[in-house]
Amino acid sequence: MLRDSYGAIQLRVSTIPEEQRNGISENAVILATGTIRARPTMAQGLPTGTVEVYVDELEVLDPNKPYENPVSTRRLNINRFTDRTHNCGQLRASHAGQKVTLCGWLEYVRMNMFFTLRDGYGSTQVVVPEAVTNAVKLDGIPFESILKVTGTVVKRPYGQENGQQATGEIEVIMDSVEVLNPARSRLPIDIQEHNQAKEFLRIEHRYIDLRSAKLQHNLRLRSQIIMKMREFMINRCGFIEVETPTLFRRTPGGAQEFVVPTRKPDHFYSLVQSPQQFKQMLMSGAIDRYFQVARCYRDEATRPDRQPEFTQLDLELSFTDRHQIMSLVEGILDASWPNQLHPLQLPFPRMTYQEAMSRYGCDKPDTRFGLDLRDLTTILSSNEKMRHGVATPEFGAFAIVAKPPNGNPKTFKTALTKVLKEYPRCKFAVSVVSDSWTESSIVNLFGVRETAEIKERLKLGTGDLMLLGYGKASEAQEMMGRVRLALYTEMEERNLRVTRSVLAPNFVWIVDFPMFAANEETGQLETVHHPFTTAHPEDMDKLRSKQDLASIRSQSFDLVWNGMEIGGGSVRIHEAALQRMVLNDILQIEHSHLQHLLDALDSGCPPHGGFAIGLDRYISLICRAKSIREVIAFPKTINGKDPLSKAPVRITDEEKRLYHIRTVEGEGVEEERVES
């Protein structure tokens with residue numbers, strides 16, 4: 001019988017080993033997990049007399065030690081349906097005296113006297129008694145072999161505890177060991193943190209690399225976060241999870257897609273870039289609260305932190321607006337936020353696109369530090385030498401002021417060279433303010449009056465470091481946004497500024513993006529978000545009348561965390577006529593391939609909007625991973641290849657004939673093995 005301050009209930013413990021049951025004293029503090037079932041006969045006078053608990057796991061707790069809240073940690077019986085009684089990270093001093101069975105990988109051996117056994121939950125030290133040392137030859141068992149060990153849990157001798165290890169208070173005195181599967185003697189990689197192989201090799205042998213503590217932590221935390229997201233959306237918000245197709249049709253105009261051949265001549269599928277069209281059609285079909293953990297595919301140029309296939313939490317809901325969608329996303333993140341991190345401060349601040357660009361030079365601002373951009377365009381726009389052929393309306397000049405102690409401006413400029421080379425049409429200047437700065441050689445660039453105005457506007461003092469970028473306004477602003485980040489990174493490395501906290505919860509919403517932007521080469525208007533995004537309510541009249549299109553703001557919004565975009569969404573166009581007009585008259589996109597979506601909007605589609613969180617990037621930030629590849633079980637390398645299976649690979653001539661395709665380029669070219 002188990003009791004607490006609320007009452008008592010009968011436990012049925014027949015599945016618990018007898019030696020464990022017999023070791024429990026009266027009034028012991030117990031944690032039990034199991035299944036509630038009806039009792040064969042009712043116990044009179046007991047409110048819980050109609051039921052009993054069939055116990056799956058029983059643990060005696062130390063009443064003098066704090067214990068994790070089982071509600072918040074959702075303790076699960078991870079040893080059910082297995083040949084083990086406990087995992088290798090589970091045993092504590094409270095288990096002393098219990099007979100246990102552990103299964104795992106042989107991690108370390110010392111003098112045939114003891115060894116450590118590791119699994120995905122941790123490591124346990126096993127001691128080989130003198131009586132069996134002659135019968136057990138551990139030195140002959142290769143590391144990473146799979147063992148099954150039975151023995152008794154004991155507390156380690158005083159002074160031999162390992163405070164760095166969760167199981168460091170105990171060890172297991174071995175009764176028997178069985179080699180379930182020996183590993184080969186020399187594995188291609190070592191999973192020890194201090195002796196890691198290069199990333200390409202670790203991905204090639206991912207089945208071994210996955211055993212590392214880092215990847216175990218990352219993938220298990222990823223699972224927990226996604227589970228909590230699901231629970232919040234389904235149990236608290238009434239969403240339903242709907243799977244949408246991966247095989248779809250070509251949708252020109254977006255990112256490059258992967259084409260999938262079929263056995264029907266000249267007919268192809270495409271892998272979806274995102275479930276965008278499907279989720280809008282679900283809104284038309286009265287699935288008013290949809291979500292899924294969606295796989296998406298884009299055949300784009302590779303980047304250091306991008307994969308050709310990626311995962312996002314995709315959601316859409318009807319009868320909403322952007323403010324309610326943002327509140328929903330904040331709730332999802334708050335409900336799934338790891339308990340060990342500082343709580344989120346809700347609601348997240350909001351910043352317009354215009355403010356983000358003017359203060360930070362980018363629409364993904366890192367707000368963990370200052371060094372805001374200062375606009376000097378009005379002061380310097382009349383300086384023909386600085387405009388250097390740029391028309392006055394297109395000219396812009398933006399400054400950053402820093403106070404680096406003992407900072408040498410020449411060395412800072414050298415550190416920024418990589419950024420500056422990417423903007424050959426912009427100019428850059430750096431200067432240290434002196435007592436006689438307004439009379440120094442800087443006036444040859446700015447002019448006497450302009451130099452004095454700049455000093456006054458920026459409140460420059462002796463020793464300040466001023467960095468200035470100028471040229472075409474949009475390019476100069478973007479360049480100085482990059483300079484801002486590179487400058488602070490350089491200062492961090494020199495210990496001239498406080499190092500940014502990786503997990504600082506500096507979330508910010510960026511809103512009021514432009515709806516359209518002109519293509520620099522063709523001048524044709526293109527959508528900044530995607531063609532299904534509607535206009536800001538205050539700009540809707542301009543959209544319907546097709547006037548002053550460049551000034552129209554959209555109802556798209558991004559969520560940025562410490563300078564990284566982790567998600568984006570928008571309120572959609574839900575009227576078929578308006579959507580046709582945007583596609584046909586403004587964007588001039590041939591849209592016959594979107595007829596199914598237009599028909600859905602025309603069939604009575606409610607106002608709706610949605611959002612998508614890039615789970616790979618978001619979780620990699622939570623895990624403080626160097627790359628999203630560290631939170632993906634089987635990632636591709638930086639060039640989109642899979643070292644494990646060697647994909648993509650050639651197919652045979654027979655397979656080509658089956659799918660009615662032939663290779664027209666690249667025949668005879670050897671595949672390259674390029675490390676990330």
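Modeller: Gladly, and let's begin with a bridge: Leu247 has Leu271 of β14 as its bridge partner. Keep in mind that this is a predicted model.

Biologist: What makes β12 and β14 a pair of strands?
Modeller: Pairing takes at least two bridges. Strand β12 (residues 247-248) and strand β14 (residues 268-271) have two bridges between them, in the antiparallel sense, so they meet the cut-off of at least two.

Biologist: How do you know that β13 pairs with β14?
Modeller: The same rule applies: at least two bridges are needed. Strand β13 (residues 259-261) is joined to β14 by three bridges, and the two run antiparallel.

Biologist: Why is Cys103 called buried?
Modeller: Buried means under 20% relative accessible area. Cys103 has 19%, so it counts as buried. Cys103 sits in strand β6 (residues 99-110). Setting aside neighbours within four places in sequence, Cys103 is in contact with Arg84, Cys88, Leu117, Asp119, Leu147 and Lys148. Cys103 and Lys148 are 45 residues apart in sequence, yet 4.5 Å apart from C-alpha to C-alpha.

Biologist: Why is Glu492 called buried?
Modeller: Its relative accessible area is 13%, which is under the 20% cut-off, so Glu492 is buried. Glu492 belongs to helix α15 (residues 473-493). Beyond neighbours within four places in sequence, Glu492 is in contact with Arg497, Val498, Thr499 and Arg500.

Biologist: What makes helix α6 largely enclosed by the rest of the structure?
Modeller: Seven of the nine residues of α6 (residues 276-284) are buried, so the helix is largely enclosed. The buried ones are Gln276, Gln277, Phe278, Lys279, Gln280, Leu282 and Met283. Their cover includes β12, β15 (289-297), β16, α18 (595-601) and β27. After α6 comes Ala286, with a positive phi near 70°.

Biologist: Which residues touch the most other members of the largest nonpolar core?
Modeller: They are Leu333, Phe507, Trp509, Leu559, Trp561, Phe611 and Tyr618, in a core of 43 residues. Among the elements that give two or more residues to this core are α5 (213-236), α7 (322-336) and β22 (507-511). Another core, of 22 residues, lies apart from it, with Phe412, Ala476, Met480 and Met491 among its members. In soluble globular proteins, nonpolar side chains tend to be buried together.

Biologist: How many residues does the whole chain have, and what share of them is buried?
Modeller: The chain has 676 residues, of which 44% count as buried. There are 20 helices and 27 strands in the chain.

Key: Residues numbered from 1 in each chain as written. Predicted model: local features only at pLDDT ≥ 70, side-chain atom pairs only at ≥ 80, totals over all residues. Heavy atoms only, no water. Helix = DSSP H or I, 4+ residues; strand = E, 2+ residues; numbered from the N terminus. Core = buried A, V, L, I, M, F, W, Y, C linked by side-chain atoms within 4.5 Å. Buried < 20%, exposed > 50% of the residue type's maximum accessible area, 1.4 Å probe, protein only. Contact = heavy atoms within 4.5 Å.
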